[in-house]
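Please find below some comments on the structure under discussion. They are set out as numbered points for a reader who is new to such work.

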Amino acid sequence: MSIGNIFLTLIPIFFTIIIGYMGGYFKVFNKDSSKGLNTLVTKFALPAHLFIGITSTSKQTLISQWTFFLTMTLCIIGFYIIILIIARFAIKYDLTKASMFSLNSTQPAFAFMGISVLGSLFGAQEVAIPIAVTGIVVNAMLDPLATMVGTIGQSSKGKAEGEKSSTLGIILHGLSEPLACIPLIAVILTLFGFQAPELMKSALDQIGSVTSGVALFAVGVTVGIRKISFQPVAVGISVLKVVALPLFMVLVSNMIGLNHADTVKAILLVAFPGSAVAAMISTRFESLSTETASSFVISTILSLISLPIYISWLM
């Protein structure tokens, strides 16, 4: 794919983000309304879109995706653990801070940009399963793991504030997120031979069809209402997210032997900017909250440069 075609593909996407940014910057949207947009995407529109995409797929096609699931798991969870160890023992962060640093260096905004970017390259139907697999890995594995480590760190310092969540409880909480449980339910139903009837597709598509535009707009709003702090930690998280993690995915996907098309999807899925959800988890723990919020903004800006480079290289 030529550079010109890549920019023609990305211009409408980043235009929508810029419109959202203006809405946030000029106070048309505030933090509460921004949260509402994020909730609409992550709890309603995208789960509906993914459910239809998965249950419209054949059982055989879904089974063939097990190597993609393995690749995403090894890359995302492996990268988190590697950065956690470095942050804990080399940078000398406490366990909670190390977990938040690692989480924000790892978690991509796949829910907000995946449908638009990958859909424009491969087609919306083609990318539904890879995005759903990423959602299961992030929401049912990465977020609970980072939360557990963060909670252990707080507990060891006597700051758990009476919250003594069990490991099982934290995992179940992660699975309760619509972006984790809805794709998982859809996968199970499809493996049992279920195919969504046309009436269900039409009904869920009423909300699922807004995913792409609203998600990109929400990214822009979130960036617009946040103040950017170019602290070394924030810049470091951003570079790890948009540079180091995609390169790590190249290594993992080659090690697993993923086919070229799935390798491209896997690399781009982790190459997206940092996640606002990860930044929110840091705020919850009151650990690196300013730095992680800034890294979300910085990584979004960096992606304007990095994504065209990755697409040109891979396509």
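Predicted model: local features only at pLDDT ≥ 70, side-chain atom pairs only at ≥ 80, totals over all residues.

1. On the cysteines. How many disulfides does a search of the whole structure find? The search finds 0 disulfides. As for individual cysteines, Cys75 is buried, and its relative accessible area is 0%. Cys181 has a relative accessibility of 21% and is classed as partly exposed. This class applies because partly exposed covers the range between the buried limit, under 20%, and the exposed limit, over 50%.

2. On Gly23. This residue belongs to helix 1, which comprises residues 3-25. Is Gly23 buried or exposed? With a relative accessibility of 9%, Gly23 is buried, because buried means under 20% relative accessible area. When residues up to four places away in sequence are set aside, Gly23 is in contact with Val28 and Phe29.

3. On Thr263 and its setting. Thr263 is found in helix 13, which spans residues 260-271. Its relative accessibility is 11%, and Thr263 therefore counts as buried. Leaving out residues up to four places away in sequence, Thr263 touches Ser253 and Leu258.

4. On the polar contacts of Thr263. Which backbone oxygen does the side chain of Thr263 reach at 2.8 Å? That backbone oxygen belongs to Asn259. The backbone oxygen of Leu258 is also involved, at 3.3 Å from a polar atom of the Thr263 side chain.

5. On Lys27. Where does Lys27 lie? Lys27 is placed in the loop that runs between helix 1 and helix 2 (31-55). The phi angle of Lys27 is near 65 degrees, which is a positive value in a residue other than glycine. With a relative accessible area of 68%, Lys27 is exposed, because exposed means over 50%.

6. On Lys92. A further loop, between helix 4 (66-89) and helix 5 (95-106), holds Lys92. For Lys92, phi is near 70 degrees, again a positive value in a residue other than glycine. Lys92 counts as exposed, at 64% relative accessibility. A student may wish to view Lys27, which is exposed, together with Lys92, which is exposed as well.

Technical notes: Residues numbered from 1 in each chain as written. Heavy atoms only, no water. Disulfide = S-S within 2.5 Å. Buried < 20%, exposed > 50% of the residue type's maximum accessible area, 1.4 Å probe, protein only. Helix = DSSP H or I, 4+ residues; strand = E, 2+ residues; numbered from the N terminus. Contact = heavy atoms within 4.5 Å. Polar contact = N/O pair within 3.5 Å; in protein donor to acceptor, adjacent residues only side chain to side chain.
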